[in-house]
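The following paragraphs walk through a structure, beginning with a single residue and ending with the contact between chains. Please keep the model open while reading.

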Amino acid sequence: MSAIRRPSPVLTFGKYAALAFYLIFALFPLYWLVKISITPDQLVFTEGTALWPSETTLGNFRTVIFHTDFLAYFGNSLIVSLGTAAATTLIAAGAGYAFSRFNFGGKRVIIALMLVTQMFPLLMIIAPIYKIVAAMGLLNSLTSLIVVYTAFNVPFATFLMQSFFDGIPKDLEEAAMMDGCTRFQALRKVIFPLTLPGLGATLGFVFTAAWSELLFALMLISRNEAMTFPVGLLTFVSKFSVDWGQMMAAGVLALIPSCLFFIFIQRYLVQGLTSGAVKG
Amino acid sequence: MTATRTAATSGISRAWRSAYMRYLVEPYLYVGPAVAMIALVMLVPLVIGISYSFQSITLLKPFETGWIGLENYATLWRDAKFWLALENTFWWTLSSLTFQFALGLGLALLLNTQFYGKRLFQALVFLPWAVPTFLSALTWAWLFNPVIGPLPHWMAALGILSEPYNILGDPDLAMWGPVAANVWFGVPFFAITLLAALQSIPGELYEAAEIDGASAWQVFTKITLPFLAPMIAITVMLRTIWIANFADLIFVMTGGGPANATQILSTYVFTTAFRKLDFGYASAIAVALLGLLMVYAVLLLAIRRRFVKI
């Protein structure tokens with residue numbers, strides 16, 4: 001009778017086989033995207049389904065960057081995503097702080113309303129939003145996208161920020177207020193530095209969400225100059241559906257900002273999401 | 001004497017004023033912008049959207065605008081495409097959810113053990129979550145394309161397909177395309193949520209089970225699953241609603257085709273609003289979807305209250 005149970009070789013093999021499966025499942029589609037993006041045009045049709053092309057090229061990236069409008073789409077998406085991330089985080093930090101530190105009349109109603117916004121089909125409001133934006137003359141403007149995306153992301157970002165504020169002891173700002181700070185000063189000087197990771201995670205999360213939004217952008221943007229990356233890429237795909245290398249090169253470009261943010265936020269996201277979810 | 005009294009009263013009033021600021025006004029200053037934003041951009045349009053479902057609003061026919069009562073809903077009732085989309089929504093949600101959950105649970109159990117290179121492994125397998133949805137959709141559509149994608153050739157080699165063709169063009173199989181993309185994209189979310197729940201199970205329980213000589217299967221069914229159950233219930237409910245509403249993948253991969261074989265309610269809402277510019281009818285479909293989801297949520301909460309006693 002041994003106190004420590006040693007895992008059987010079958011189990012160990014099974015575990016590593018499962019690890020390999022998950023790794024291949026997660027990475028293979030992305031590998032394929034990158035592979036086609038560096039395959040020369042003339043080889044795509046003969047070697048499209050080979051695991052690795054006999055020649056590689058960066059020509060597709062050069063074409064996409066210098067001879068198409070993707071750089072402009074990229075810029076538009078960057079403006080929209082950064083604007084949305086900044087506005088959402090600022091608004092959500094305020095609301096998250098209020099939820100974490102105060103009891104006030106209507107708090108439960110506001111929380112319930114925020115939860116409702118996470119559940120109803122967002123497409124329900126696509127027609128009214130279109131009409132309102134059109135009436136204000138803001139179709140094809142990046143500002144309207146920023147406002148709409150900010151509203152969409154505020155509820156979740158608020159819950160995320162609240163979970164970060166909950167992790168900071170109340171005593172800290174109470175001590176600062178004893179010493180003569182107003183609450184806002186205490187917030188700025190004591191709490192703000194401690195929430196930096198939380199703010200970063202929220203920024204990253206919202207950035208990624210705004211970067212990938214497609215349907216409202218399709219509805220609100222039709223002029224080429226104002227297109228965001230998803231809209232531009234989809235238009236390109238429907239127009240030039242045989243330029244495989246270029247489409248995939250554009251896809252790889254779209255992947256870069258999300259992946260950068262993801263690497264930065266994934267550590268915080270796991271802790272932030274889970275602490276919020278466990279309480280929820 | 002008078003001097004001290006004034007000082008005292010002014011002290012009280014200042015304290016009162018600051019308390020007033022602190023507890024009655026201040027919270028609303030912090031929460032106000034968020035509430036204003038959500039009310040103006042989501043709740044008001046939501047009410048307007050519901051009102052659209054009782055109107056005829058087609059941008060292409062501006063002179064036929066007006067209140068028409070329940071006519072949109074009557075049309076909906078007779079619309080074969082609506083019933084097909086409803087059925088498809090069910091299959092789309094059920095199959096996506098089942099695979100996401102099974103694979104997500106497996107991944108969470110793996111990540112709850114120790115192995116070399118775990119941090120890197122975790123970052124890599126969570127990566128699909130960071131991929132923008134439109135790009136996941138395009139990537140999977142390309143993988144299923146026999147010209148540049150390997151999947152049709154593999155499936156033909158395995159005997160699943162008679163010859164390598166694009167399943168996205170086959171009404172019988174097309175739905176598996178978006179489902180595959182959805183599973184790929186959604187596994188990390190389930191894994192993260194379930195991993196957190198796994199890590200909150202007290203380790204002493206496992207030690208006690210080990211001392212009592214429980215088998216791995218017994219430990220899993222008697223300790224792990226019962227502890228995970230409440231979390232699983234909440235996550236599955238929220239995800240069901242989310243997946244049923246999720247139109248992006250299908251819209252990009254098949255546009256609802258071929259022959260509406262992949263048309264679900266949310267893509268039907270979007271294509272009606274976006275392509276036909278028929279806002280009245282699109283809103284009626286959306287209200288029907290909202291109603292169904294509410295019925296589902298209420299049912300699930302009732303079942304939960306009946307069976308899960310906390």
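Glu225(A) sits in a loop of chain A, between helix H10 (215-220) and helix H11 (229-239). The model is a predicted one. Is Glu225(A) buried or exposed? Counting C-beta atoms other than its own within 10 Å gives 10. A residue counts as exposed at 12 or fewer, so Glu225(A) is exposed. Further along the chain by 31 residues is Ile256(A), and the C-alpha atoms of Glu225(A) and Ile256(A) are 22 Å apart.

Chain A as a whole is assigned two domains, with domain 1 covering 8-67 and domain 2 covering 68-279. Taken over C-alpha atoms, the centres of these two domains of chain A lie 31 Å from each other. Where they touch, domain 1 of chain A contributes 13 residues and domain 2 of chain A contributes 12. On the domain 1 side, helix H1 (9-37), helix H2 (41-47) and helix H3 (59-67) of chain A are the elements that each supply two or more residues. H3(A) gives the largest share of that side, with six residues. Sorted by class, the domain 1 side of this contact consists of seven nonpolar, five polar and one charged residues.

Chain B is likewise assigned a domain 1, residues 2-52, and a domain 2, residues 72-307. The centres of domain 1 and domain 2 of chain B, again over C-alpha atoms, are separated by 42 Å.

Two helix pairs in chain B share helix H10. Two packed helices are described by the angle between their axes and the distance between the axes. Take helix H3 (residues 80-111) of chain B and helix H10 (residues 216-245) of chain B: their axes approach within 9 Å and cross at roughly 135°. An angle over 145 degrees would count as roughly antiparallel and one of 65 to 115 as roughly perpendicular; H3(B) and H10(B) are therefore oblique to each other. The crossing of H3(B) with H10(B) is right-handed. From H3(B), the residues in the contact are Thr89(B), Thr93(B), Ser96(B), Leu97(B) and Phe101(B), and they meet Val236(B), Arg239(B), Thr240(B), Ile243(B) and Ala244(B) of H10(B). Five residues of this contact between H3(B) and H10(B) are nonpolar, four are polar and one is charged.

The second pair joins H10(B) to helix H8 (residues 176-199) of chain B, with axes 10 Å apart and an angle of about 155°. That angle makes H8(B) roughly antiparallel to H10(B). H8(B) and H10(B) also cross in a right-handed sense. H8(B) brings Asn182(B), Phe190(B), Thr193(B), Leu194(B), Ala197(B) and Leu198(B) to the contact, where they meet Leu228(B), Met231(B), Thr235(B) and Ile243(B) of H10(B). The contact of H8(B) with H10(B) has seven nonpolar and three polar residues, and no charged ones. Ile243(B) of H10(B) takes part in the contact with H3(B) and in the contact with H8(B).

The last step is from single chains to the pair. How many residues does each chain give to the contact between them? Chain A provides 73 residues and chain B provides 66. Helix H12 (residues 244-279) of chain A accounts for the largest share of the chain A side, 13 residues. By class, that side of chain A has 58 nonpolar, 12 polar and three charged residues.

Notes. Residues are numbered from 1 along each chain as its sequence is written. Chains are lettered from A and ligands numbered from 1 in the order in which they are written. This is a predicted model: local features need pLDDT of at least 70, side-chain atom pairs count only at pLDDT 80 or more; totals for chains, interfaces and linings use all residues. Domain bounds come from an automatic or database domain assignment. Axes are lines fitted to C-alpha atoms, for helices over the stretch in contact, and angles run from 0 to 180 degrees between N-to-C directions. Helices (H or I, at least four residues) and strands (E, at least two) are DSSP runs, numbered from the N terminus. Angles under 35 degrees count as roughly parallel, over 145 as roughly antiparallel, 65 to 115 as roughly perpendicular and the rest as oblique. A crossing is left-handed if the near helix is turned anticlockwise from the far one by less than a right angle, and right-handed if clockwise. Two residues are in contact if their C-beta atoms, placed from the backbone, lie within 7 Å. Ala, Val, Leu, Ile, Met, Phe, Trp, Tyr, Cys and Pro count as nonpolar, Asp, Glu, Lys and Arg as charged, and the others, Gly among them, as polar. A residue is buried if 20 or more other C-beta atoms lie within 10 Å of its own, exposed if 12 or fewer, and partly exposed in between; C-beta atoms are placed from the backbone.
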